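Colleague: Can you walk me through this model? I want the overall layout before the surface.

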Amino acid sequence: LVESLVERLAERLVERLVERLVERLVERLLERLVESLVERLAERLVERLVEGLVERLVERLVERLVE
(Lines give C-alpha, C1' and ligand atoms only; values in the text may rest on other atoms or scores of the structure.)
Protein backbone atom coordinates (compact mmCIF):
# COMPACT_ATOMS: atom_id res chain seq x y z
CA LEU A 1 0.00 0.00 0.00
CA VAL A 2 2.72 2.46 1.00
CA GLU A 3 4.81 1.50 -2.01
CA SER A 4 1.94 2.16 -4.41
CA LEU A 5 1.25 5.53 -2.78
CA VAL A 6 4.91 6.48 -3.05
CA GLU A 7 4.96 5.37 -6.69
CA ARG A 8 1.87 7.42 -7.48
CA LEU A 9 3.31 10.47 -5.77
CA ALA A 10 6.58 10.03 -7.61
CA GLU A 11 4.75 9.70 -10.93
CA ARG A 12 2.75 12.85 -10.26
CA LEU A 13 5.86 14.76 -9.28
CA VAL A 14 7.65 13.66 -12.42
CA GLU A 15 4.62 14.56 -14.55
CA ARG A 16 4.44 18.02 -12.99
CA LEU A 17 8.16 18.59 -13.42
CA VAL A 18 8.02 17.54 -17.06
CA GLU A 19 4.98 19.77 -17.66
CA ARG A 20 6.76 22.75 -16.12
CA LEU A 21 9.91 22.11 -18.12
CA VAL A 22 7.93 21.81 -21.35
CA GLU A 23 5.99 24.99 -20.54
CA ARG A 24 9.21 26.90 -19.89
CA LEU A 25 10.80 25.60 -23.06
CA VAL A 26 7.77 26.53 -25.13
CA GLU A 27 7.63 29.99 -23.54
CA ARG A 28 11.32 30.59 -24.28
CA LEU A 29 10.97 29.37 -27.85
CA LEU A 30 7.93 31.58 -28.43
CA GLU A 31 9.71 34.58 -26.91
CA ARG A 32 12.71 34.04 -29.17
CA LEU A 33 10.46 33.58 -32.19
CA VAL A 34 8.54 36.77 -31.46
CA GLU A 35 11.77 38.71 -30.86
CA SER A 36 13.15 37.45 -34.14
CA LEU A 37 9.98 38.36 -36.02
CA VAL A 38 9.89 41.83 -34.48
CA GLU A 39 13.53 42.40 -35.40
CA ARG A 40 12.88 41.33 -39.00
CA LEU A 41 9.83 43.54 -39.26
CA ALA A 42 11.75 46.49 -37.83
CA GLU A 43 14.59 45.94 -40.29
CA ARG A 44 12.17 45.80 -43.22
CA LEU A 45 10.39 48.91 -42.04
CA VAL A 46 13.65 50.82 -41.75
CA GLU A 47 14.74 49.61 -45.19
CA ARG A 48 11.48 50.79 -46.73
CA LEU A 49 11.68 54.14 -44.98
CA VAL A 50 15.25 54.66 -46.15
CA GLU A 51 14.38 53.62 -49.70
CA GLY A 52 11.49 56.09 -49.71
CA LEU A 53 13.68 58.89 -48.41
CA VAL A 54 16.38 58.17 -50.96
CA GLU A 55 13.83 58.11 -53.78
CA ARG A 56 12.45 61.48 -52.67
CA LEU A 57 15.90 63.00 -52.42
CA VAL A 58 16.84 61.74 -55.87
CA GLU A 59 13.59 63.09 -57.33
CA ARG A 60 14.25 66.51 -55.77
CA LEU A 61 17.81 66.54 -57.04
CA VAL A 62 16.67 65.62 -60.54
CA GLU A 63 14.00 68.35 -60.44
CA ARG A 64 16.60 70.93 -59.39
CA LEU A 65 19.01 69.81 -62.07
CA VAL A 66 16.31 69.99 -64.73
CA GLU A 67 15.37 73.54 -63.69
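Modeller: Here is the overall layout, then the surface, then some distances.
Modeller: This is a predicted model, where local features need pLDDT of at least 70, side-chain atom pairs count only at pLDDT 80 or more, and totals for chains, interfaces and linings use all residues. Residues are numbered from 1 along each chain as its sequence is written, and side-chain values use heavy atoms, with hydrogens and water left out.

Colleague: How many helices and strands does the protein have?
Modeller: One helix and zero strands. Helix α1 covers residues 2-66. Helices (H or I, at least four residues) and strands (E, at least two) are DSSP runs, numbered from the N terminus.

Colleague: What does the C-alpha trace span along its principal axes?
Modeller: About 100 × 5 × 5 Å. The radius of gyration is 29 Å, while a compact globule of 67 residues would have one near 11 Å. That radius is taken over C-alpha atoms, and the globule rule is 2.2 Å times the number of residues to the power 0.38.

Colleague: What share of the residues counts as buried?
Modeller: 0% of the 67 residues. Buried means under 20% relative accessible area, exposed over 50%, and partly exposed in between (1.4 Å probe, protein chains only).

Colleague: And the accessible surface of the protein, what does it come to?
Modeller: About 7,100 Å², with 59% belonging to carbon and sulfur atoms. Areas come from the Shrake-Rupley method with a 1.4 Å probe; for residues, only the protein chains shown count as cover.

Colleague: Switching to charge. How many positive and negative side chains are there?
Modeller: 13 positive and 17 negative, and the centres of the two sets lie 3 Å apart. Lys and Arg count as positive and Asp and Glu as negative; His and the chain ends are not counted. The place of a charge is NZ of Lys, CZ of Arg, CG of Asp or CD of Glu.

Colleague: Which residues form the positive surface patch?
Modeller: Arg8, Arg12, Arg16, Arg20, Arg24, Arg28 and Arg32. Patch residues have over 30% relative accessible area and no salt bridge; like charges are joined within 9 Å, nonpolar side chains (Val, Leu, Ile, Met, Phe, Trp, Tyr) within 5 Å. A salt bridge is a side-chain nitrogen of Lys or Arg within 4 Å of a carboxyl oxygen of Asp or Glu.

Colleague: Why is Arg32 called exposed?
Modeller: Because its relative accessible area is 57%. Arg12 is partly exposed at 48%.

Colleague: What makes up the nonpolar patch?
Modeller: Val14, Val18, Val22, Val26, Leu30, Leu33 and Leu37, about 580 Å² in area. Leu30 is partly exposed, with a relative accessible area of 48%.
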